[in-house]
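Trainee: I am new to this structure and would like to go through it step by step.
Mentor: Then ask about one part at a time.

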Amino acid sequence: MKFPTPPRADERKVLGHAVPRIEDRPLVTGHGRYAGDVSFSHQLHMRIVRSAHAHARLVAVDATAARAHPGVVAVWTGDDVSDVPPIDFRDPSAEALKPYRQPVLARGRVRYVGDPVAAVFAEDPYVAEDAAELVEVAVEPLPVLLDAHELGEFDAGRPTEPTIIRHSFGDVDAAFATAHAVVELTLTAGRHSGVPMETRGAIGRYDASRDVLELHGAAKVPHRNKETLVRMLKRSPHGIHLFEGATGGGFGIRGELYPEDVLVLLAAMRLGRPVKWIEDRREHLIAANHSRHQHHRVRAAVDAQGHLLGITDEFFHDQGAYVRTHGARVVGRTMSMLTGPYKIGAYRAIGHFRLTNKTPAATYRAPGRYEGTFVRERLMDAIAHKLGLDRIELRRRNLIPGAEMPFTVEFDEPGAEELILDSGDYPALLDKALAHFKWNDVQAEAARRRAAGEAVGTGVGLFVEESGRGPADGAKISVDRDGVVEVVTGGASVGQGFATAMAQICAEALGVDYAAIRVVHGRTDRIAYGIGAHAARATVMTGGAVNETALKLRAKALDYAAELLQTPAEELDIAAGVVRRKGGDGGPSITLGEIARRVAPGAEILHGREPGLSAEAWFHADHTVFPYGAALALVRVDRDSGQATIERLMIAYEVGRAVNPMMLEGQLVGGAIQGVGGALFEEFTYDENGEPLAVSFADYLMPTLRETPAVDVLIAEDFPSPRNPLGLKGGGEGGINAIGAIVAGAIDEAIGMPGAVTRLPVTPQRLREILR
Amino acid sequence: MTEKIDITLTINGRDHAIRVEPRKTLVDAIRDDCGQTGTHIGCEHGICGACTIILDDEAVRSCLMFAVQAQGKKIRTVEGLANGDKLHPLQESFIKHHGLQCGFCTPGFLMLAVNMLERQPDIGDDEILEVLSSNLCRCTGYQNIIAAVRAAAADMRRAGAPA
C-alpha cells in the first residue's frame, strides 16, 4: 500500500510540533512509578545467588543454612524449578537453538559469572541478601571459553556454535576475480550494552480470588512477554497480565524476559505472597543482556574508480553463555543491514553465532547496525586510502542514487528477508550534512591544526536504519462524559515520550487538546494485542493505529453531532474538543463530552447503534520503513594520555515526518552519546578465568557531562515514507548507529595513521598502544 | 538481623518516626520506610547520583549514608521542590528544555542543581558543567539538562529570588 504525501507541520495544529511532553510533570515531581516503587502488602523479597564461576559442573547447592536463617521463607535451587522450561524465544526460532536456552535456575552446569543458581525469598531485602550469602555452591571448574574465534563444546556432542547464518547475492567470486584492488580488514566491536539508569525489577503477584497472575515492572514488550509466559507457565492468556509503569530507560535490553521475571511469578503462586525483586547494579552489569561483541574479517573488491564490486564478511558473534529471547537475530540483522546505503555488485556474509562463558548477549539500540556500520564505514575509509580517493567522493560514487528508490536488496538464501528501501535520496542528505557541518572548512582547519602539531581529525559515516516492523497494531480510543480522551495502546514506553507522541497523533486526527489526553501503554489487561517499543516501531506502528482509530472516532463523533445539531456532518469540524460549523465561531456547537453523555447506554438517539463515544481500529504494515542518516565528527587526540576527545559531532537524519522534533532530537542526541560511550569508554572485559572486570560504574565507564560533546542535529523531512499515512520513519536508533564508525575514522586522521583503529572502544590504553 | 532502633527522619519538613536496622541506608529508609519514592537508586555505590538529596545545606548521595546518620538533619527530596501546584523553576525548566526522557536520573539532577543554585546563585556556565558532571544520565546525552539548568539559573537570577 502506498500513501500520499502527508502535510508538513506548519499545516498541522499539533502533529509535527515541538510541544512539551505530557509525561514530564509526574517525573519531575517524584511521582513516576518505577518498578522499585511498586510494593504490595505482605510481599516477600527475592535475592538471586549467582555463580562465581565462569564455567563449572554444579556438584551441589546446599541451602540448609540459608533456609534456617530467621526471616527466610524459602530457598530454591534448580531442582525446585526443574518442571519449568528454559526462557523461551519471543519469535519462532530455529530448532537448533533450543538446547542453548537459559534455564530459570542453573542445573548441572554454570556457564558464566552471574548465572542464577538459587533464589532466596525472605521477609526483608536485607535479610534475603544475608541469607543468599549462606547458600553453599560446590562446583568442579571446567575449561573456560572466552574467545568467539574458538570452538568448544556446550554439552556433550553439542558445539558452542548453534548456528551459522548466511546472506549473499550476486557473483562474489567473479567480483573479486575482476577487481582492480582488494581491501581486507579485521575489526572488532567491543562488548558493551544499554545499561539504563534504572536496574531491572520484577514484582509477581497472584490473585487467587480471580486466578490472575500479575507481573509488574514489565517494559518494552509486555504483550510479547505475556505470550512467552503463557507458553512457559501453561496459563491461559486471560490468566496472566503484565503491567508497565514508568521505565527508567530501555535501550533494547530492559524488558526482555529474564529468569528473574519467571521466578517472581512462580514464587508468587507457590508461596502465596507477592514477591519483589530489584536488581542491584553489580547484578545488572553481569546478568542483564550484553551486546555488540563481534569480530569481523571483511573484504572489498573495487574497480579503479572505487566502485564496490563485491564485499565478503565472515564474522564471529560473541553471544555469551546462553541464547536469550532474540535467538540469533542480531547476527541476521548485522548481515542484512551491513551493505547499508551503498550499491554493491555482490555480497557474501557468514555469521558464526558462537557461545562463550560470558553474560549472554542480545539487542542494544541499533542492534547489528552499530557493529555493521563500524565495519562498512571502516572499509570505505580503507578503500579511499588505498585508491588515493577522497573519503566523501568514494562514498558518493557508491551511494544508492535517489532515482533508484525504492531499492530492493534481495538475498539468495531462502528465508532471508529482503530489504525494500522505501524512499529517500542518500547523496542529497550527505550534501546537506556536509554543508551544515561546513565540512570543507572543518577539514581545512583540522589540517592547519595538524600542521601546527595537534592531533585532530574528521570522521564521516553514512547509515541506514530500519523501523516500523509490522504486521499490525491496534488502538482503542474513548471519550468520557467530561470530554477526556483515553487512548489505549499495545505500545510501551521506555522513556522515549511515547505517550506524548500518541497524544499528538490522536489530537491532530480527532481535534482535541493533546495535553489532556490519557495514554495507556504496557497493560495487557487493557488491550489484548501489542507490539511494544522496540526496533523503533512504536511511533510508526502504534502511531499508525492511533491515527486510524482517532479518524474513525472523529467520523463517529461528527455523525452524532450532525444529528444533534441538525447540520450535515461534512459541514462540521472538531477543534479543542468542540464540534461546530466549519470556519466560524458562531452557530450551534456541542462538546465531545456532551456527545458522550448523549450516547450513553439506553440513549434514545442510538437507534440500535452501540452506546459510547469510542472506536477501535488497526494499522497493518507489510513492509518496514528505512530512515537513514549521515554522521560527522571532529576528534582531538592527546598523544600523551591516549585520550580522544570529540570536539564536534553532527547527525543528519531523514525521518519522513517528525511527530515531535524536540523529542526526535532528544532521541538522536541521547543515542549519539551512548554511541560515544561504546566508541571510547564502555566495555565489559574479563580476566583469563572469565571473571568480569566491569562490575560497577567505577569500571564500566559511561560518558558523563564532562566527556560529552554538544551534538548538532539536522532533521530532514524530505522523504516521508509512502508506507504509512503519516509518512513516519522511526527515530529511536539513528543517533547511535554510526558513532563508532566516525570516531574511528576521525582518530585515524588525527594521528595520521590510516586504518589504525580496528577495535572499539578506543580506550586511552589502546590508543597509546597504537601510538607506540 | 541486627537490632532495630527508633529514629526520626525529617523529610521536606515532615517528621517520619521509623524503626530501622543501623545498617539501613538512608535512601532505603527514605523510600521504603518513609514512602518517599521520588528519590531513586541507580548504583548503590555513590557514582550515578540518582539518589542525590539535600541534607541540611548540602547535596549528598543518600545511598552512601546510613539512615541513623541523618537523624536531626533536614532532608529535602524531589517531592518537596514544588510549592503546591507551582513547580520549582528548575522543574519547569527541565520540562521546557526537554531535560529528561525516562526521568529516572531527574530527581537526582534536580536536587544537585537546586542545591548548587541555592549556594551559588551567580555560578558561571563552566562551573555548572563541573558540578553536573557528577551525576549520570543515560537518555539525554546531557545537552538538554545543561540547557535547562543554565536557563533556570538565568531566570532565577532575573527573578532575584533563588528558591
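Mentor: In strand β16(A), A:Thr312 is the bridge partner of A:Arg299. Keep in mind that this is a predicted model.

Trainee: How many bridges join β15(A) to β16(A)?
Mentor: Strand β15 covers residues 294–302 of chain A, and β15(A) and β16(A) run antiparallel. They form a hairpin with five residues between them, and A:Gly306 in the turn has a positive phi of about 90°. The number of bridges joining the two strands is nine.

Trainee: Which strand pairs with β16(A) in the parallel sense?
Mentor: That pairing runs over nine bridges. One of its bridge partners for A:Asp318 is A:Arg354. The strand, residues 346–354 of chain A, is β17(A).

Trainee: Why is β16(A) described as largely enclosed by the rest of the structure?
Mentor: The strand covers residues 308–318 of chain A. A residue counts as buried if 20 or more other C-beta atoms lie within 10 Å of its own. β16(A) is largely enclosed because, of its 11 residues, the number buried is 10.

Trainee: Is A:Tyr370 buried or exposed?
Mentor: A:Tyr370 lies in helix α9, residues 369–387 of chain A. Leaving aside neighbours within four places in sequence, its contacts include A:Ala189, A:Arg292 and A:Ile736. Because 30 other C-beta atoms lie within 10 Å, A:Tyr370 is buried.

Trainee: What separates the C-alpha atoms of A:Tyr370 and A:Leu338?
Mentor: Along the chain, A:Tyr370 and A:Leu338 are 32 residues apart.

Trainee: What radius of gyration does chain A have, and what would a compact globule have?
Mentor: The C-alpha trace of chain A spans about 85 × 70 × 50 Å along its principal axes. Of its 772 residues, 59% count as buried. With that number of residues a compact globule would have a radius near 28 Å, which agrees with the value for chain A, 27 Å.

Trainee: Which helix gives the most to the side of chain B that touches chain A?
Mentor: In this interface, 44 residues of chain B are in contact with 46 residues of chain A. On the chain B side, α2, α3, α4 and α5 each supply at least two residues. By class, that side has 24 nonpolar, 15 polar and five charged residues. The helix giving the most, with four residues, is α2(B).

Key. Residues numbered from 1 in each chain as written. Chains lettered and ligands numbered in written order. Predicted model: local features only at pLDDT ≥ 70, side-chain atom pairs only at ≥ 80, totals over all residues. Rg over C-alpha atoms; globule rule 2.2 N^0.38 Å. Buried ≥ 20, exposed ≤ 12 C-beta atoms within 10 Å, placed from the backbone. Contact = placed C-beta atoms within 7 Å. Nonpolar A, V, L, I, M, F, W, Y, C, P; charged D, E, K, R; others polar. Pairing = 2+ DSSP bridges.
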